[in-house]
Each structure stands twice: as C-alpha cells, then as structure tokens.
Amino acid sequence: MSAVNARAATKTAHVAQLTTKQEVSAHTEDLRALMQALYTEYPAELAKSTQVGPREMTEWVFDGKANWRFEGIRRLQGDEALALLFDPAFAGDHIMALVVGLETLLFEAYGSQNEFDIPAERDQPRLVTLQCQLQSLPLRLQADTLSNTVLNQRAAQQHIAATLHTLLVRLQALTHVVAACP
C-alpha cells in the first residue's frame with residue numbers, strides 16, 4: 001500500500017465523532033429543511049398558521065421565542081403533537097405538528113427540553129426508543145386512511161421518509177444499534 005493510500009485510510013478511520021449538541025444541530029437542520037420543503041409544496045397548509053412564506057415560517061418556528069409551544073397545535077410537543085396527525089378532528093397545521101413533534105422528541109431523547117440544554121452524555125436507551133418512533137411514523141402515515149391531510153400525499157410522504165431515513169442513519173451510527181422495534 002502506498003503512503004498516500006495509508007494516509008487516506010487513516011483519515012477515514014479517524015472520522016471525528018460529533019458532540020451531542022452537534023448531533024442535535026444536524027437533526028434540527030434536517031427538520032428545518034423538511035418543514036420548508038413541505039410548506040413550499042403545500043402552501044394551503046402553511047396558510048392555516050400564517051400569511052408569511054415558507055422560509056419565514058420555518059425561521060419563526062425554529063428561531064422564535066415560543067419555546068416549541070405553539071397555539072396552532074394546542075401547545076403540544078413530542079408524541080402528543082404527532083398524535084394530531086392522526087386526529088380526524090384536527091384541522092390545523094399538520095406540517096407544524098409533525099416537525100414540532102419530531103424536534104421535541106429529539107430533544108427528549110437527548111435528555112433535554114430544548115436545543116440549549118443538551119447534556120454531553122447520551123442516553124442510549126432513549127435514543128433506541130427514538131429510533132423505533134421514527135421507524136414507525138412513515139408506516140403510520142401510510143396506514144392512516146381515516147384522515148385526508150397533506151401528509152397523506154405521496155410527495156409529502158417521500159419528503160418525510162427521506163428525512164426520517166437521514167435521522168435514523170445518524171442515530172444508528174451514534175448508538176451502533178439498529179433498533180429491533182416491536
């Protein structure tokens with residue numbers, strides 16, 4: 001093996017591990033991109049929450065002062081916000097419910113209530129539980145025939161599946177576990 005190949009192999013073997021804050025930040029950027037893409041593709045859903053554009057709304061959700069509690073989704077977070085996706089009586093912003101639900105599930109799995117208080121240590125069992133929650137969501141959305149929402153649309157489900165796949169790959173690399181979910 002040449003010296004150049006040996007150095008390249010050493011560099012790839014020594015990929016720096018992200019800190020927990022960096023991991024959460026990467027997940028957040030994925031969800032930010034998902035929200036903006038879905039709002040761009042489905043402006044009628046965005047209109048349920050605001051009259052601003054997809055970028056402005058996404059910035060307000062992620063960078064605003066609401067502490068991840070939004071009146072439009074009944075100030076719910078995590079699983080409770082995601083449950084709105086399957087509630088036929090919920091006529092609000094399904095994209096916001098999805099993204100806020102996922103983002104706050106991520107915070108909880110990393111042992112925090114928000115993006116600012118992420119502890120340095122990782123809670124492996126919580127992260128494995130999160131993997132199961134993320135794996136089941138696309139299947140639940142596909143099986144949900146009772147509600148006729150934007151998230152039942154094929155294009156939306158493709159965006160969601162791609163983002164969840166990215167999150168899962170990152171989590172599996174972190175936990176070194178492919179969760180065997182029930």
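I started with R74, which sits in the loop between helix 4 and helix 5 (78-83); helices here are DSSP runs of H or I with at least four residues, numbered from the N terminus. R74 has a positive phi of about 60° although it is not a glycine. I looked up R75 too: its place is in the loop between helix 4 and helix 5, and its phi is near 60°, again positive in a residue other than glycine. R74 counts as partly exposed because its relative accessibility is 45%, and R75 counts as partly exposed at 39%. My cut-offs are under 20% relative accessible area for buried, over 50% for exposed and partly exposed in between, with a 1.4 Å probe and protein chains only.

A note on the source: this is a predicted model, so I kept local features to pLDDT of at least 70 and side-chain atom pairs to pLDDT 80 or more, while totals for chains, interfaces and linings use all residues. Residues are numbered from 1 along each chain as its sequence is written, and side-chain values use heavy atoms, with hydrogens and water left out.

I checked confidence next (pLDDT, the predictor's confidence in each residue, from 0 to 100). The chain averages 85, and 84% of the residues score at least 70. Over residues 1-15 pLDDT stays under 50, and the model has one contact there beyond four places in sequence; contact means heavy atoms within 4.5 Å.

Then I went for the aromatics. Which residues form one aromatic cluster? I found W60, F62, W68, F70 and F107. The whole structure holds four aromatic pairs, counted when ring centres of Phe, Tyr and Trp (its six-membered ring) lie within 6.5 Å, with planes under 30 degrees apart stacked, over 60 edge-to-face and the rest tilted. W68 and F107 make an edge-to-face pair, 5.8 Å centre to centre with 70° between the planes. W68 lies in the loop between helix 4 and helix 5 and F107 in helix 6 (residues 94-109), so this pair ties together parts that are 39 residues apart in sequence. Is W68 buried or exposed? W68 counts as buried, at 4% relative accessibility, and F107 is buried at 0%.

My last stop was D30, found in helix 2. D30 counts as buried because its relative accessibility is 19%. Leaving out residues up to four places away in sequence, D30 touches T163, T166, L167 and R170.

Key
Helix = DSSP H or I, 4+ residues; strand = E, 2+ residues; numbered from the N terminus.
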